[in-house]
Amino acid sequence: MKRIPTNIITGFLGAGKTTSILSLLARKPEHEKWAILINEFGNIGVDGAILEQQGAIIKEVPGGCMCCVAGLPMSVGINALLAQKPDRLLLEPTGLGHPKEVIHKLTSESYRNYVDLRATITVVDPRHFADSVYTDNVNFQDQLALADVVVANKIDQCDDFDLYTFQTAMEKSEPKKALIAEVEHGRLELEWLDIERTDRQAQHSHHHHGHDQIEPLPELELAPGQQFIRKENHGQGYHSCGWFFAADQLFEFSKLFSLFSNLSANRIKAVVNTENGCFAFNVVNQVVSVNELSLEGFESRIEVIDNEILPWDELEQILCSITANTIAK
């Protein structure tokens with residue numbers, strides 16, 4: 001078996017990792033088959049549904065850090081993807097994840113004959129470099145420390161001070177990065193994937209998310225007549241709550257958009273069936289972006305992440321109240 005070119009694409013919550021991978025998939029060579037292992041902090045799993053639209057082979061490891069418990073969830077996911085003989089493998093760890101153990105796993109004796117690990121790419125929002133909530137976070141620090149390529153995303157939303165703060169931080173990087181770039185809308189260049197990896201040292205030891213399952217989470221499945229499932233997770237000072245709604249539950253688009261716009265949470269991701277079709281919602285600090293998807297018969301998925309425990313029961317009642325069935329009444 002040939003060694004598969006592989007990249008880890010990291011970045012803190014809301015930096016734009018999924019958008020960046022979507023940009024790459026939209027421009028990949030037509031004859032190539034790409035595989036992506038996705039790790040989300042929440043237990044519902046939203047990104048996979050979005051990325052599958054671009055024809056990639058997707059494997060999800062929801063529920064926190066995929067390298068916990070001797071790396072079993074990660075190994076299961078990697079093995080399943082390698083068995084399909086992709087032309088390239090991408091790994092997207094959770095925004096709260098530490099890339100050290102992921103790199104260690106991919107360069108271990110178990111995978112070195114199958115995986116050709118190339119540049120680790122870290123996507124950042126330059127506005128975070130002036131905010132101690134991010135700069136004091138050990139995972140944010142180590143995502144930067146272990147990066148071969150650092151990409152400042154969303155520069156169209158940044159002012160001169162934001163970019164200056166980012167550039168100043170990057171000038172202090174040791175060893176120097178192979179590439180530092182500034183982009184809009186997560187537009188990574190395909191040639192960046194083939195930049196060689198350099199051995200780099202993390203500043204901190206690996207911290208687990210606090211979950212202890214030894215098997216990958218089972219697939220979500222609703223019982224007959226069940227309208228939704230709710231799953232929660234917590235770790236590293238963050239809390240998540242997610243909902244998985246039956247495919248026949250339609251939401252009113254305008255009310256859902258309003259809810260997401262007014263909900264004070266660090267991060268909201270959703271793929272939702274509405275009366276107008278299926279849409280992906282991406283919310284960072286109450287700024288909502290929406291993309292229409294060509295999905296049919298798909299279960300809606302909503303994930304909310306914040307550094308505080310939000311009133312999940314109240315939010316659940318609101319979500320249930322804006323379904324099309326309720327509107328029709």
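# Briefing on the predicted model

At 2% relative accessibility, Phe 12 counts as buried (under 20% relative accessible area; exposed is over 50% and partly exposed lies in between, with a 1.4 Å probe and protein chains only). The structure is a predicted model, in which local features need pLDDT of at least 70 and side-chain atom pairs count only at pLDDT 80 or more, while totals for chains, interfaces and linings use all residues. Residues are numbered from 1 along each chain as its sequence is written, and side-chain values use heavy atoms, with hydrogens and water left out. Helices (H or I, at least four residues) and strands (E, at least two) are DSSP runs numbered from the N terminus.

**Aromatic rings**

- A search of the whole structure finds 13 aromatic pairs, for which the ring centres of Phe, Tyr or Trp (its six-membered ring) must lie within 6.5 Å; planes under 30 degrees apart are called stacked, over 60 edge-to-face and the rest tilted.
- One of the pairs is formed by Phe 12 and Phe 140, edge-to-face at 6.0 Å centre to centre with 80 degrees between the planes.
- Phe 12 is in the loop between β1 (4-10) and α1 (17-27), and Phe 140 is in helix α6 (residues 138-145), so this pair ties together parts that are 128 residues apart in sequence.
- Phe 140 is also buried, its relative accessible area being 4%.
- Phe 253 and Phe 257 make a stacked pair, with 6.3 Å between centres and 25 degrees between planes.
- Both of these residues, Phe 253 and Phe 257, belong to helix α8 (residues 253-262), where they are four residues apart, about one turn of the helix.
- Phe 257 is partly exposed, at a relative accessible area of 31%.
- A cluster linked by ring pairs contains Phe 12, Phe 129, Tyr 134, Phe 140, Phe 166 and Tyr 238.
- Arg 88 lies over the face of Trp 34, 5.7 Å from the ring centre; the criterion is NZ of Lys or CZ of Arg within 6 Å of the ring centre and within 35 degrees of the ring normal.

**Nonpolar cores**

- The largest nonpolar core has 24 residues, a core being a set of buried Ala, Val, Leu, Ile, Met, Phe, Trp, Tyr and Cys residues joined through side-chain atoms within 4.5 Å.
- The residues with the most contacts inside this core are Trp 243, Leu 256, Phe 260, Phe 281, Ile 302, Val 304 and Leu 319.
- Two or more residues come to this core from each of β10 (238-245), α8, β11 (267-274), β12 (277-284), β14 (300-306) and α9 (312-321).
- Helix α8 gives the most to this core, with four residues.
- Not counting residues up to four places away in sequence, Phe 260 touches Ile 268, Ala 270, Phe 281, Val 283, Gln 286, Val 288 and Ile 302 (contact is heavy atoms within 4.5 Å).
- A second, separate core of 22 residues includes Ile 21, Leu 25, Val 123 and Trp 192.

**Sheet and helix packing**

- Six strands form an open sheet in the order β9-β10-β14-β11-β12-β13, with antiparallel pairing; strands pair if DSSP finds at least two bridges between them.
- β9 (228-235) and β13 (287-293) stand at the edges with a single partner strand each, so one side of each has no neighbour in the sheet.
- On average, neighbouring strands of this sheet are turned by 15 degrees against each other, direction ignored.
- β10 and β14 run antiparallel and are joined by seven bridges.
- Ser 300 in β14 is the bridge partner of Phe 245.
- Helix α8 lies across β11, β12, β13 and β14, and runs at about 10 degrees to β12; axes are lines fitted to C-alpha atoms, for helices over the stretch in contact, with angles from 0 to 180 degrees between N-to-C directions.

**Backbone geometry**

- Most residues other than glycine have a negative phi, and most peptide bonds are trans.
- Glu 174 and Pro 175 are joined by a cis peptide bond with omega of about -5 degrees, and Pro 175 is in the loop between α7 (160-171) and β8 (179-182).
- Lys 85, although not a glycine, has a positive phi of about 50 degrees; Lys 85 lies in the loop between α3 (72-82) and β4 (88-92) and is exposed, with a relative accessible area of 61%.
- Lys 154, also not a glycine, has a positive phi of about 65 degrees; Lys 154 is in the loop between β7 (149-152) and α7 and counts as buried at 15% relative accessibility.

**Surroundings of Leu 24**

- Leu 24 is in helix α1 and is buried, with a relative accessible area of 0%.
- Leu 24 and Leu 188 are 164 residues apart in sequence and 6.4 Å apart in space, C-alpha to C-alpha.
- Leu 24 touches Ile 9, Trp 34, Leu 188, Glu 189, Leu 190 and Leu 193, not counting residues up to four places away in sequence.
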